[in-house]
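Biologist: Please show me the model, and then I will ask what the labels rest on.

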Amino acid sequence: MKRPLARAGLAAALVVLAGVPWIASPSIVQFGINMLLLAALAQGWNIIGGYTGYASFGNSVFYGLGSYGTAIAMLRWHLPFGIGLALGTVVAVVFAALFGRAILRLRGHYFAICTLGLAEVMTAIVSNLEITGRNTGLVLPLLRGDVLFYELSLALVVVATLIVAWIAHSRFGYGLIAIRENEEAAAAMGVDTTRYKVLAFSLSAAISALAGGIHAYWITFIDPVSAFDIGLNVKMIIVTVFGGPGSILGPVLGAFVLSGISEVLSTEISTVAGLFFGAVIVVAVVFMPRGVADLIRRFDKYRWRYFAENVRANRL
Amino acid sequence: MDPVLSVRHLTKRFAGLTALSDVSFDLGRGEILGLIGPNGAGKTTLVNLISGAFRASEGVLLFEGAPIGALASHRRAKLGIGRTFQIMRPFPGLSVLDNVAVGALFGTGGGHRQLAIARELAHQKLAFVGLAHRADRPAEALGGPDRKRLELAKALAMNPRLLLLDEVMAGLNLAELEAVFTIIRKVRDEGVSVLVIEHVMKAIRSLSDRLLVLHHGEKIAEGEPQQVLSDPTVVEAYLGRRRAPHEGAGT
């Protein structure tokens, strides 16, 4: 993103995005909030999954902790939303740092499975605590202001993307990429792998928790099953992989494109929407395995050959 | 002169198998020590113990006089120990230049904090090993000999005081060998101590100041290359005992 033209384009896109809620219909604004929160979540997953190479299924846990932290602070302790959001985020980050130290020793499938278990455990715990409202969940105070939530979500996407952009061009980011590409070699070259992985996991957790807190206040209702939904974590992964894991704008592009496709499909052909959505993802993985970001970067050079090259390179 | 690396009674056991047994030696500043031995002699195990990939079962490791046996890999790298891997481990998703930049960003003393400086340094190291023209290629696109050079450049970018080279010369032709020799000698002339594992006997003989021979995890010889290579024990380890004709049948 060194070219001034690209920067100007991004700034223009941002202005347009920020202006949407003042002109668009309420249903479009609501679609926008969901899309932006998904983009932020994907960007958060990108840090641990895309850059560090650890396929986390624990990000929906951080999302849930952010939701519950915010809700409990507002309902039980009557704190303002901002402080509740901060509290929820701190809880998620502390949780990520503590558990990260233990489970980031596991690699590959083992790490994925362990984080998967984390989500189930959290659902069970939260369903049985008085302070979290047990199975019935919590109802937050109502704030009518979709525009506010939209802009808040957009701000989160921008902040998350700036963090990722910094990572991509920093010593920290090079350490993470080295870990992803070859952890043993990274350690031999002087990367403190444990510390870097825990930091990446915590950063990822902070972004997920912020998205969870914003979503909870917007929706005004949370329960254990929806707050710690593994399906949401799977969505983060699909969106990131579709957009381009380990790239700066990929997860955001992925969230925008897939949210759009999914919205059109579910309104036009609601009964078989899921089927078509699945087909889109399969086709994407086969023809552009490095995601939308890579397609945009290299399409100029290869043109339509880009897709053929990918199919050949991966022996599909 | 104080040795850069002192190894005392180093032993490594893997669940019953003793890969390295009671090995001791010193490595001086600016010295090139060749480490040879048949397959399975424990050469790579020794390198892994020094770099911190493995922990020793017994024995002491001193680097510049300080014990390092309990330190994690990255701490040893920070102290100034750089290594290459026998099975080459580039970071395939990064360009050749960025692979080397990782070494400059971390490495001895924690490396350079600024990416721009690190990449500039990486450029110099790539030019030094003759890979500058490949700087922008993805690392996975490099062929065998170039990968060896990349491994070397990555380790050099760490600015190490002790360089552990695990078979950086295997599979190179004569001209490429000469080029790598020149590089290693230049590095040594800057005061870096080098421990080099090699299979190519001619190569190691002319490059090393001293040789250390391992066999079945034990040190069987150490000293001047000529003297070591004519040692009957070493010859036997490599070629096997010449059998008497009547013992030969049925084996």
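**Helix packing and sheet**

Modeller: Helix 3 (residues 59-75) and helix 4 (residues 81-103) of chain A pack at an angle of about 140°, with their axes 7 Å apart. Axes are lines fitted to C-alpha atoms, for helices over the stretch in contact, and angles run from 0 to 180 degrees between N-to-C directions. Helices (H or I, at least four residues) and strands (E, at least two) are DSSP runs, numbered from the N terminus. This is a predicted model, where local features need pLDDT of at least 70, side-chain atom pairs count only at pLDDT 80 or more, and totals for chains, interfaces and linings use all residues. Residues are numbered from 1 along each chain as its sequence is written, and chains are lettered from A and ligands numbered from 1 in the order in which they are written.

Biologist: Why are helix 3 and helix 4 of chain A called oblique to each other?

Modeller: Angles under 35 degrees count as roughly parallel, over 145 as roughly antiparallel, 65 to 115 as roughly perpendicular and the rest as oblique. The angle is about 140°, and the two helices of chain A are therefore oblique.

Biologist: What makes strand 2 and strand 5 of chain B edge strands?

Modeller: In chain B, 4 strands form an open antiparallel sheet in the order 2-1-4-5. Strands pair if DSSP finds at least two bridges between them. Strand 2 (17-27) and strand 5 (66-67) of chain B each have a single partner strand, so one side of each lacks a neighbour in the sheet.

Biologist: How do you know that strand 4 and strand 5 of chain B pair?

Modeller: 2 bridges join strand 4 (residues 58-63) of chain B to strand 5 of chain B, and the definition asks for at least two. B:L62 has B:P67 as its bridge partner in strand 5 of chain B.
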